[in-house]
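Me: I have a new structure open and want to go through it bit by bit. Can you walk me through some of it?

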Amino acid sequence: MEYFGCMGKLLWVDLSQTEKEKQFTEQTIPADVYKEYLTGYGLGAKVLFDNEVYKADPLGPDNVIGFMSGLLTNTGAFFSGRFEVIGKSPLTGGWGDANCGGYFAPAIKKTGYDGILFKNISAKPVYLLIEDGNMELRDAADLWKKKDTAQTQDILQKRHGANYQVACIGEGAENLCRFGAIITDKGRAAARSGLGAIMGSKKLKALCLGANQATHIHDVVTMSTLTGNFMNQMCAASGGWIDDLVSWFGYTPLFSGVVRFLQKHNWLNAVEPNNLDFYGMKRWGTCGTTALSANIGDSPIKNWKGVGYIDFPAKKAIKISNNSVTDHETGKYGCHHCPLRCGGKMNYPKSIHDYPLPKDDDDIQQVHKIEYETSCGFGGLIQCDNLAAIVELNEMCNKASIDTISCSVVVAWAIEAFENKKITPDQTDNIVLEWGNIDSVKILVEKIIKGEGIGKILKEGVKIAAEHFNATQYAMHAGGQELPMHDPRQIGGIGLGIQYEVEPTPGRHTSTCNGCGLPAPETDSSNKKAKSIHRLKGQFMQHVAKTQHNVKNDPVPSQDELLLTSCSADIVNGLGLCLDAFGLIPVEPPLVEWINGATGWNFPPSEFVTIGKRIKTVRHCFNLMCNITLRDTRLPDRARGYREVKGKKEAVLKKGPNAYRMPPIDEGNQAYYEAMGFDLQTGVPSDEVLTDLGLDYVKKALESRPTSDRCRK
Ligand code: SF4
């Protein structure tokens, strides 16, 4: 049978086997399964559920780690260079996935498989090598705990070929840090859910892929015509003079104040230039919004208890944002087949005390430009405005393969716990933890990477560390996953709060397409709006798009909006697309046409809503099988905007754009659960939903749980 868009099979690697014939097994995937689950984490969710991976100890032999490419990867569609890593999360104990760009996604598909999955544990460190006509597990003794991720990539590419793509782990994940990441291209990270620790537990150092199998496309002419036309439209839509002006003005401390003023008076929508986000992303990448976000209530400050314009004012924040970063850019970087190219390579000094840059070229290294999340986490969250320090911390995390978001949240928690004497100097080897004290932060991060001293506890993640030190009130996480750098207390932020709690990977800012809209299931397919999936409004400047409700608390979004924004993320990730790119491009991409052109399916847009809902429901039920419900993913009171004082709710923030704001997240959760057909108390989908989505196998598994688990609320 000929497959279009996909490869028709998965590769399983059993790390416990020593004989080559037993190490590798192919799993053929029936064509209809792709129509129901796409690829990426959609297909991954079905396969992990089928294999009862929910029963596994996340760091034990029964857990599986999979590297899944997307359905549109290698088909010619733009923005299709993202892959998904999947497994049971060591951080949350439930469903885990992490998304990553670079050039590894096409390399997976060129092996001839839609995904590569590993089970069991190797007796010794190994790496997987796949090239045309050869696949083998190779000894990694010379790399394990000896080489960081950049060195590992250099060695493997020198050994096997410069065009081989490498995904690997470093010391942090090898030491089973629960927020371990997986790194490709020396700085692109599949960072969330702690999946790097699974590689560490399996003694799997790296994947090195150098095969060249083609992906069959159903209608090559249509695909190339669509893509060519789309590129022309994108070029024509680039940068009007208002965008240019505002984007340049954006690099001034005054800008944040003006935006705050407009926001306060409900005037912001009136001045929003159409393509500002697109222009800003092309010019600066995600770090183009760091200063603004810090000052208008989007990014959390001082472990979520600070106010941007007071504790991290624009004159400080701009030092780690926009031109302050791109002034050191030596070239643009884009993932596979992405014309937006939001990434960059930049110079940075070897010593954090050498900023601004030293004149001697020998003291300068070239690294990936910092992203928004990292610059906020090691910036406003811990009160650091030293760009070189943040770049260095980013490099430390990338080389050791740990998640910068989780790491910075753990550091911020530790500083506050130290401030409140919950952690004492004898527990930190006499390091004094203070806001903005980069020397002590650097030592702390080193300890986390090595799992030494207090780092032995901190590497378990903020939830476990906070419980250990009896300081849970400062621990900013949802279900064990450290919160990202977008604040649900901001105006229009309720959707963030809901997704942080209801999504299968809690505490993630990319699990829902904020502000985007797929066509509603009941929409007439002849309606023009329903003919293509609405472009997905992304994270960048999301506050700008959503400031029409300048009231103390946001209204709860409609059920349709919640369902569509949530399920569209599952489609994007099943297709291997970039969520950010789809939120930013000024012209509507021919998404449905791309899918149909690549596969020959001819599905109407509404079918993709069903697919997204199916994928979401399987991931959600994976968590139910792990005994995880809404009760376990509740945000800390601080992130919901209040603290309990003598049995009463008192606002955490009494100044700034988020003052007195307490988004009604519980009501939002209820609306979301109703939209998805999940029982609010137990989380279990209705029989009708499971039957409609063809998920009888999931229903059977849910019914097989002990009664006590089934009734858990
Ligand atoms: S927009 Fe940026 S992150 Fe997304 S695919 Fe393009 S280069 Fe990669």
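Reply: Strands (E, at least two residues) and helices (H or I, at least four) are DSSP runs, numbered from the N terminus. This is a predicted model: local features need pLDDT of at least 70, side-chain atom pairs count only at pLDDT 80 or more, and totals for chains, interfaces and linings use all residues. Residues are numbered from 1 along each chain as its sequence is written.

Me: What does S9 pair with, and over how many bridges?

Reply: Two strands pair if DSSP finds at least two bridges between them. S9 pairs in the antiparallel sense with S12 (residues 204–210) over four bridges, and also in the antiparallel sense with S10 (residues 182–184) over two.

Me: Which residues stand opposite each other?

Reply: Glutamine 165 is opposite leucine 209 of S12. Towards S10, cysteine 168 faces isoleucine 183, and alanine 167 has threonine 184 as its bridge partner.

Me: What is the strand order in the sheet?

Reply: The order is S8-S7-S12-S9-S10-S11, an open sheet of six strands with mixed pairing. S8 (134–139) and S11 (188–190) have a single partner strand each, so one side of each is left without a neighbour in the sheet.

Me: Switching to helices. How do H19 and H20 cross?

Reply: The axes of H19 (residues 404–419) and H20 (residues 438–450) come within 11 Å and cross at roughly 120 degrees. Axes are lines fitted to C-alpha atoms, for helices over the stretch in contact, and angles run from 0 to 180 degrees between N-to-C directions.

Me: Which residues make that contact?

Reply: Cys407, Val410, Val411 and Ala414 of H19 meet Val441, Leu444, Val445 and Ile448 of H20. Being in contact means that the C-beta atoms, placed from the backbone, lie within 7 Å.

Me: And H28 with H32, at what angle do they cross?

Reply: H28 (residues 605–625) and H32 (residues 696–703) cross at roughly 15 degrees, with axes that come within 10 Å. Val618, Cys621, Leu624 and Met625 in H28 meet Val698, Ala701 and Leu702 in H32.

Key:
Two residues are in contact if their C-beta atoms, placed from the backbone, lie within 7 Å.
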